[in-house]
Amino acid sequence: MEQIELTGIRKSYGKERAVQNLDLTVNPGDFLTILGPSGCGKTTTLRAIAGLEEPDEGEIRFGEKVVFSRRQGVIIPPESRNVGFIFQSYALWPHMTVEQNITLALKEKRLSRNEVESRLLKSLEMVQMEAYRKRYPSELSGGQQQRVAVSRLIALQSEILLMDEPLSNLDAKLRTEMRAELKRLHRELEATTVYVTHDQTEALTLSDIVVVMNKGLMIQRGTPYDIYHHPQSLFVAEFIGDPRINFFKGMLVSKGERRYLDCKEFLLPFNKELPSNSGVVIAAVRPESILLSYEDRKDWIKVELKSIQPTGANTILQVQIGKVEITLMQPGFIRMNLEESLWIKFDSESLNFFSEETERNLNI
Amino acid sequence: MTSNSFLSEERSPIFSRSNLTYFLYKLVNRPHLILGAICLFVLSFLVLTPLLEIIRDSLSIQSYDIAYLPDAKIGEFSLFHFERVFTGPLSKALLINPLLNSIAIGICVTLIGVSIGTVFAWLIVRTNIRFKGFFGALAVVPYMMPSWVLALAWLSLFKNDRIGGAEGMFTYFFGIQPPNWISYGFFPIVICLSLHYYAYGYLLMSGALASVDSELEDAGAICGMNRRQRMWRITVPLLLPALGSAIVLTFIRILGTFGTPALLGLPVRFYTFSTQIYASLNASNNGDAYVLALVLIVTAITCIWINNRVLGVRKSFVTLTGKGFRSREIDLGTWRWIATIGVGLFLSATVFLPLVILLWESLIIVPGEYSLSNITLEYWIGDGSIDVVYGEPGVFQSDNILSSLWNSIRLGLSAAVFNGIIGLLVGYAVVRGRGTHLSKWLEGIAFAPYIFPSIAFGAIYIGMFSTSWGPVPALYGTFTILVLITIVKNLPFTSRTGIAAMLQIDNSIEETARVQGIGWFKRMVRIVIPLSFSGLVSGMLLTFITAMRELSLIILLISPSNMVLTGLLFNYNEQDMAQHAGAVTLLLTFIIISGSIIARMISGGFGLSALKNS
Ligand SMILES: Nc1ncnc2c1ncn2[C@@H]1O[C@H](COP(=O)(O)OP(=O)(O)O)[C@@H](O)[C@H]1O
Ligand SMILES: [Mg+2]
């Protein structure tokens with residue numbers, strides 16, 4: 001297990017700044033996911049760790065060992081970094097059998113024949129591909145190719161594993177399956193892993209730590225729980241969560257004892273200390289945190305149902321108060337008519353408040 | 001997020017040790033850069049220095065000029081050569097007439113050849129004509145045969161008595177002397193070249209036609225266009241770029257072609273640009289030859305430039321539609337059989353007939369006597385006693401021929417191997433370095449030999465390698481110079497195949513090997529070369545064929561010490577030894593065609609199924 005530490009990494013392509021001053025530490029044995037929209041610099045970061053890309057500035061260390069430093073003038077080439085890397089395209093060598101794909105690098109390292117054979121068998125076994133060792137990649141399905149790429153990675157026994165959207169070429173069902181498999185593998189291999197994806201579900205399900213990036217900058221770092229429940233900026237709040245989080249804009253007001261966020265059409269309850277200079281505030285609430293009732297109750301808000309989309313385990317409802325649209329998610333397969341009336345209630349504990357000006361979480 | 005930007009902002013001075021090691025590391029980290037720099041250096045030397053050399057020689061007084069200018073100092077700057085060619089009294093004979101002849105021939109042959117090639121391509125690719133596969137294979141055979149095979153056959157058919165020597169078959173069978181304009185000069189040159197270069201047009205156009213999606217035409221039909229409108233509004237505009245390239249490329253090749261104009265033009269003092277360069281060099285007026293070569297190069301560059309200006313923007317039309325297109329066959333109806341018979345006859349006349357004529361020619365004892373009683377195998381296996389004039393033994397007995405044959409095969413093989421390797425390295429350096437200046441320059445320099453018409457390129461190499469040049473010894477008359485010039489002249493094709501093959505290999509295929517700790521050399525051997533193998537083999541095959549049948553390029557560079565079959569054949573013809581010329585041509589054609597069949601078998605048999613990655 002090894003720690004990965006990036007300090008002050010910058011990388012530009014011409015005028016385009018792919019990564020801007022990134023500091024990132026991956027603790028030994030952690031599964032860290034870099035999450036962000038396409039083009040935000042995830043791949044660049046990962047390739048810089050592997051040595052396939054040279055940053056313009058900064059330093060990268062594996063444990064105590066400096067593998068890249070602009071200041072000290074050190075570049076350890078990828079050949080000598082001993083990391084495992086899975087490419088989006090799997091990058092299997094099409095002219096070699098599964099077995100040759102896995103053993104080429106091992107033979108290059110001049111391992112004994114017994115060692116090569118035992119690593120081959122073990123790594124194939126771990127991905128349940130023992131039966132396919134003589135096949136060519138073109139004779140395998142996408143999922144099987146993926147497994148071969150993983151087993152090639154396992155056989156190398158690197159202490160650092162890097163994966164660039166390894167599941168994005170698979171269909172939805174296989175993806176769920178491979179996700180579970182990758183998680184199991186990480187536990188067994190105990191290697192420090194950096195995983196890059198734009199898919200929030202992968203990030204939330206797999207990781208110990210999630211790092212959200214946007215436009216070459218790290219926006220937030222935290223556990224999946226933190227990232228989901230306490231997004232530190234509007235961008236993270238909006239990027240994470242499906243269906244999308246609800247935003248309401250308004251002014252904080254106090255009426256006697258009670259305090260509200262006045263959203264014109266309705267009032268949101270607010271039971272904390274009022275910040276002194278809050279200005280216009282944006283409240284964010286997850287669709288599943290809004291309570292729903294089929295009958296009128298005291299202090300509940302009446303809404304109009306606009307659309308209803310059951311997805312099987314859950315149902316997504318679009319409702320409206322005046323001109324404000326709200327998305328709700330309820331467990332179960334709900335069947336009802338659009339004419340029926342509904343009442344909702346906001347749970348003040350699940351609300352996050354952001355300053356409109358800075359787009360940052362007010363943490364109140 | 002704690003930022004320690006003050007650390008990274010703080011730069012060490014430019015020439016500090018850390019900066020130096022950093023750039024060294026950076027360089028070592030990019031093997032394609034080192035490779036590209038080496039390739040660029042070597043290729044610049046082989047391509048650009050010769051050009052600069054002849055520009056310098058043509059602008060200064062040379063030893064052979066002293067006859068005209070007794071007072072001048074050798075090496076002195078002078079416009080003497082340019083004045084001679086452009087404004088002197090000889091200008092008409094040296095420049096104007098050959099230039100006009102070459103351009104007239106170029107235009108006629110291009111029009112006829114590209115038209116025939118395009119019609120054939122359309123018939124074979126898009127209609128339901130019969131025997132498609134067979135015709136398709138046959139149509140490229142003229143391309144593999146030396147271009148002057150037809151000229152030799154023409155002479156056998158139509159030689160008349162004006163020049164001396166034996167007369168041709170036409171006279172023998174019909175008892176009439178064909179007029180001079182049929183036997184020699186402009187007319188037969190145009191016919192023979194057209195019947196050779198249509199194959200070139202066919203190759204380019206069939207590729208383009210096959211990649212035009214016929215759904216595009218169907219879309220036109222849905223919009224209410226009739227057949228003619230679809231043809232002129234959709235298909236033709238889509239093909240225009242390919243057609244433009246076909247025309248320009250054919251035209252440039254014809255400008256530089258030597259064999260046919262020499263065989264059919266020189267006997268009646270009909271000069272084209274290429275034969276005039278040859279004549280000037282033979283008369284030791286190298287300066288004139290260099291100036292003419294420069295004019296030819298400028299003409300070629302102008303053609304390419306015009307083509308790019310007019311059609312450049314549309315270049316990528318045809319390649320845009322990738323896979324998955326459908327091509328529907330057009331039903332020719334009753335024309336189907338007429339077209340089949342027409343194409344069949346034409347192909348037999350251009351492929352088989354010349355070979356049959358040359359075979360016959362090689363079998364007769366007394367030239368010009370085509371009766372069955374006059375047939376012998378002496379010119380193939382005899383010891384020379386039958387040849388009253390020179391006593392030259394038959395093909396399989398003559399040391400002369402066998403050593404030239406060996407030289408030709410050696411030339412073909414070594415050029416193919418070297419070109420394969422260089423194509424691979426250049427392709428690798430260009431593709432991996434995409435976006436860098438080095439990559440662009442390398443690609444450009446590798447294409448540069450294309451714009452040098454063959455004969456001009458030969459002239460350049462004489463100028464360059466007739467004396468020792470730095471560490472390079474004088475190479476004139478050596479086998480090495482033939483290999484060298486063949487390699488360089490074929491660079492545009494091999495580097496194209498190399499680049500195309502390399503583009504097939506995704507960067508990640510190699511990067512994944514890098515992160516697994518596999519070094520550069522091993523990556524090349526285990527991954528890059530196997531994956532580009534079949535592409536490289538077809539590039540090498542092309543080089544082999546071109547090298548074996550090449551005359552224009554090397555005619556100026558051969559001497560008895562490095563004689564190859566094509567040169568020998570040219571000599572036989574000049575000495576009116578038609579039997580030997582015919583026999584040698586057949587031998588050459590046989591080797592080229594069997595060589596290409598073998599190469600196809602090798603590259604086809606190489607686990608292609610494994611390469612089709614899903
Ligand atoms: N080789 C390259 N040349 C030029 N621009 C690049 C290159 N690689 C990445 N970029 C640019 O850098 C930015 C970040 O790219 P990347 O790291 O691949 O994003 P991500 O993996 O998050 O989608 C993008 O805007 C992309 O266009
Ligand atoms: Mg990416």
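How many bridges join strand β7 of chain A to β8(A), and do the two run parallel or antiparallel? Four bridges join them, and the strands run parallel. β7 covers residues 83-86 of chain A. This is a predicted model, so every value here is computed from predicted coordinates.

Stay with β8 of chain A, residues 160-164. A:F85 stands opposite A:L162 in this strand. β8(A) also pairs with strand β9 of chain A, residues 192-197. That pairing is parallel too, and five bridges make it up. One of the contacts sets A:I160 against its bridge partner A:T192 in β9(A). Between the two strands comes a helix: β8(A), helix α5 (residues 172-189) of chain A and β9(A) make a β-α-β unit, and the unit is right-handed.

How many of the five residues of β8(A) are buried? Five of the five are, which leaves the strand mostly covered. Look at where the side chains go. A:I160, A:L162 and A:D164 point one way, while A:L161 and A:M163 point the other way. Both groups are buried.

Now step back to chain A as a whole. The chain has eight helices and 21 strands. Buried residues account for 55% of its 364 residues. The C-alpha trace spans about 80 × 50 × 35 Å along its principal axes.

An open sheet of five strands lies in this chain, in the order β2-β1-β4-β5-β6, with antiparallel pairing. Its edges are β2 (16-26) and β6 (74-75). Each edge strand has a single partner, so one side of each is left without a neighbour in the sheet. Further in, β4 (residues 57-62) and β5 (residues 65-69) of chain A are joined by four bridges and run antiparallel. There, A:R61 has A:V66 in β5(A) as its bridge partner.

Another part of chain A brings in strand β20, residues 341-346. Strand β16 (residues 290-293) joins β20(A) through four antiparallel bridges. A:I290 in this pairing stands opposite A:F346. Strand β17 (residues 301-310) of chain A also pairs with β20(A), again in the antiparallel sense and over four bridges. A:K302 takes A:W343 in β20(A) as its bridge partner.

Next come the rings. Over all chains, the count of aromatic pairs comes to 28. Take B:F120 and B:F346. Their ring centres are 5.3 Å apart and their planes stand at 80°, so the pair is edge-to-face. The cut-off for that class is over 60 degrees. B:F120 lies in helix α5 (residues 91-126) of chain B, and B:F346 in helix α18 (residues 335-363) of chain B, so the pair ties together parts that are 226 residues apart in sequence. B:F120 is buried, at 7% relative accessible area. B:F346 is partly exposed, at 21%.

Which ring pairs with B:F346 at 5.2 Å between centres? The ring of B:Y198 does, with the planes at 80°, so this pair is edge-to-face as well. B:Y198 lies in helix α11 (residues 186-210) of chain B and B:F346 in α18 of chain B, so the pair links parts that are 148 residues apart in sequence. B:Y198 is buried, with a relative accessible area of 0%.

Elsewhere, six rings gather in one aromatic cluster: B:W154, B:F158, B:F170, B:F174, B:W181 and B:F187. Charges meet rings as well. The charged end of A:R70, in chain A, sits over the ring of B:Y22, in chain B, 4.1 Å from the ring centre. Within chain B, the charged end of B:R130 sits over the ring of B:F131, 5.2 Å from the centre.

Finish with the nonpolar interior. In soluble globular proteins, nonpolar side chains tend to be buried together. The largest nonpolar core here has 205 residues. Which of its members touch the most others? They are B:I277, B:L442, B:Y461 and B:I555. Helix α11(B) gives the most to this core, with 13 residues. Domain 1 (89-345) and domain 2 (394-614) of chain B both give residues to the core, so it lies between them.

Notes
Residues are numbered from 1 along each chain as its sequence is written. Chains are lettered from A and ligands numbered from 1 in the order in which they are written. This is a predicted model: local features need pLDDT of at least 70, side-chain atom pairs count only at pLDDT 80 or more; totals for chains, interfaces and linings use all residues. Side-chain values use heavy atoms; hydrogens and water are left out. Rings of Phe, Tyr and Trp (its six-membered ring) pair if their centres lie within 6.5 Å; planes under 30 degrees apart count as stacked, over 60 as edge-to-face and the rest as tilted. Buried means under 20% relative accessible area, exposed over 50%, partly exposed in between (1.4 Å probe, protein chains only). A charge sits over a ring if NZ of Lys or CZ of Arg is within 6 Å of the ring centre and within 35 degrees of the ring normal. Two strands pair if DSSP finds at least two bridges between them. A crossover is right-handed if, with the strands pointing away from the viewer, the path from the first strand over the helix to the second runs clockwise. A nonpolar core is a set of buried Ala, Val, Leu, Ile, Met, Phe, Trp, Tyr and Cys residues joined through side-chain atoms within 4.5 Å. Domain bounds come from an automatic or database domain assignment.
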